[in-house]
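Please look over the sequence and the structure before reading on.

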Amino acid sequence: MTKSNQSPTYHVTVLGGGSFGTAIANISALNNHQVTLWMRNEKQADDITHNRENSRYLPGLTLHDNLSPSLNLQESVRSADFVFVAVPSKAFRSVLEEAVPFLKADAKLISLTKGIEPHSFKLMSQILQEVVPNHDVGVISGPNLAKEIADDQISATVVASESPELRAQVQEMLSCQSFRVYGNPDIYGVEMAGAIKNIYAIVAGLAAALGMADNTKAAIITRSLAEMSRFAVKLGANPMTFLGLAGVGDLIVTCSSKLSRNYRVGYYIGEGLTLKQAIKKIGETAEGINTLRMVNDKAEELGVYMPLVKGLYAVIYEDMPISAIASKLMSGDLAQDVEYMTDQP
Ligand SMILES: NC(=O)C1=CN([C@@H]2O[C@H](COP(=O)(O)OP(=O)(O)OC[C@H]3O[C@@H](n4cnc5c(N)ncnc54)[C@H](O)[C@@H]3O)[C@@H](O)[C@H]2O)C=CC1
Ligand SMILES: O=C(CO)COP(=O)(O)O
């Protein structure tokens, strides 16, 4: 990875020292920004200070000297121009609230988290807008397996924000020869796509473990896209967003890569592990499990037809055999392929 340009240098803080937080922090550091990576684990922070490596989450990646770890949240955010939040969704609000009193008045906040808050059904940007209403906020989402980014593999992502200035600044800040950042004003759609595709990654992992054919996998991915966009559009997203990197792009990668933790959850369940055993085996965040429960309930409430979500929910939480779900999916009412088309040629 090499720096792409001579853009302004910022103080960037990333909250959360897991795999994605570390990968994004390192790109910012490589692009000449002064980066603080806040984490709660002292051993991991020492590892970065002494060995320039986060060996727990991204072994083998040498971290740039512009990146410094910190265990002190107050100190970490005090002078930050941009704060990226990369903790799992269940910790997002509490970490943010702890940081708020120490933020600079003009700090911009960007979520890297792909999840939905339990009970409130709020997306991370909505939590940001609620907790820091006077700050510009945004989200990043796209086909971004952290380990591949760390490996310098060419990747692309989307920054979404209502603020064109924030979008442009983040595009400049993170783009380099192996990472390309696109903009999108549809913050809700970008974020909803990133959160919901985790459910379908579990479905795809299950299908792969059961030895389903390539035709089947393609059908699952495509019908997943139809289902997730149907749901998100009902909640206010722009359907076109689902044709972009945050929609179809992220769906493809997480439904086909064993590097995806959500895919692996499905794969292990398909191999016969219980949900609990699968989560333990992965040992990292797999947001799709909680998202499944929330989206299933919301779809019920809104009357949105989501047979894949319903089927996976029945398999995971109601012990329904996968064979019964598959035959139910194949015998549903016959429907139109692309929902947003009319009969006019
Ligand atoms: N890993 C990936 O490839 C990508 C992950 N994401 C998203 O990024 C978010 C974070 O995921 P990862 O970094 O992959 O997770 P991870 O499982 O690698 O790490 C999570 C990190 O958050 C920390 N954490 C958990 N609870 C915390 C709390 N209460 N306070 C402070 N720190 C806490 C953990 O100690 C750990 O360092 C998730 O929503 C995920 O969907 C998004 C794109 C790619
Ligand atoms: O969101 C991701 C890739 O874009 C990472 O997926 P997992 O959380 O399933 O590993």
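## Model and confidence

The structure is a predicted model. The protein chain has a mean pLDDT of 95, and 97% of its residues reach 70 or more. For the complex, the predictor gives an ipTM of 0.98 together with a pTM of 0.96.

## Overall form

The secondary structure of the protein chain consists of 15 helices and 8 strands. Along the principal axes, the C-alpha atoms fill a box of roughly 60 × 45 × 35 Å.

The radius of gyration of the protein chain is 20 Å, which agrees with the value near 20 Å that a compact globule of 345 residues would have.

## Two domains

The domain assignment divides the protein chain into domain 1 (11–185) and domain 2 (189–330). Their C-alpha centres lie 25 Å apart, and the contact between them takes 25 residues from domain 1 and 25 residues from domain 2.

On the side of domain 1 that touches domain 2, at least two residues each come from helix 5 (124–131), strand 6 (137–141), helix 6 (146–150), strand 7 (155–160) and strand 8 (179–184). Strand 7 gives the most to this side, with 4 residues. Sorted by class, this side of domain 1 has 13 nonpolar, 9 polar and 3 charged residues.

## Annotated region

An unreviewed UniProt entry carries the annotation "domain: Glycerol-3-phosphate dehydrogenase NAD-dependent N-terminal", which covers residues 12–165. Over residues 12–165, the chain is 35% helix and 21% strand. The end C-alpha atoms of this stretch are 16 Å apart.

## Surroundings of ligand 1

Ligand 1 is surrounded by 26 residues, and the closest of them are Gly18, Phe20, Ala91, Ala146 and Thr285. The elements that give two or more residues to this shell are helix 1 (19–30) and helix 4 (89–99).

The shell around ligand 1 contains 11 nonpolar, 11 polar and 4 charged residues. Both domains take part in the shell: domain 1 (11–185) and domain 2 (189–330) each provide at least three of its residues.

Key
Residues are numbered from 1 along each chain as its sequence is written. Chains are lettered from A and ligands numbered from 1 in the order in which they are written. This is a predicted model: local features need pLDDT of at least 70, side-chain atom pairs count only at pLDDT 80 or more; totals for chains, interfaces and linings use all residues. pLDDT is the predictor's confidence in each residue, from 0 to 100. A residue is near a molecule or strand if its C-beta atom, placed from the backbone, lies within 6 Å of it. Ala, Val, Leu, Ile, Met, Phe, Trp, Tyr, Cys and Pro count as nonpolar, Asp, Glu, Lys and Arg as charged, and the others, Gly among them, as polar. Domain bounds come from an automatic or database domain assignment. Two residues are in contact if their C-beta atoms, placed from the backbone, lie within 7 Å. UniProt positions are given in the numbering used here, feature names are shortened, and annotations may be inferred rather than shown by experiment. The radius of gyration is taken over C-alpha atoms; the globule rule is 2.2 Å times the number of residues to the power 0.38.
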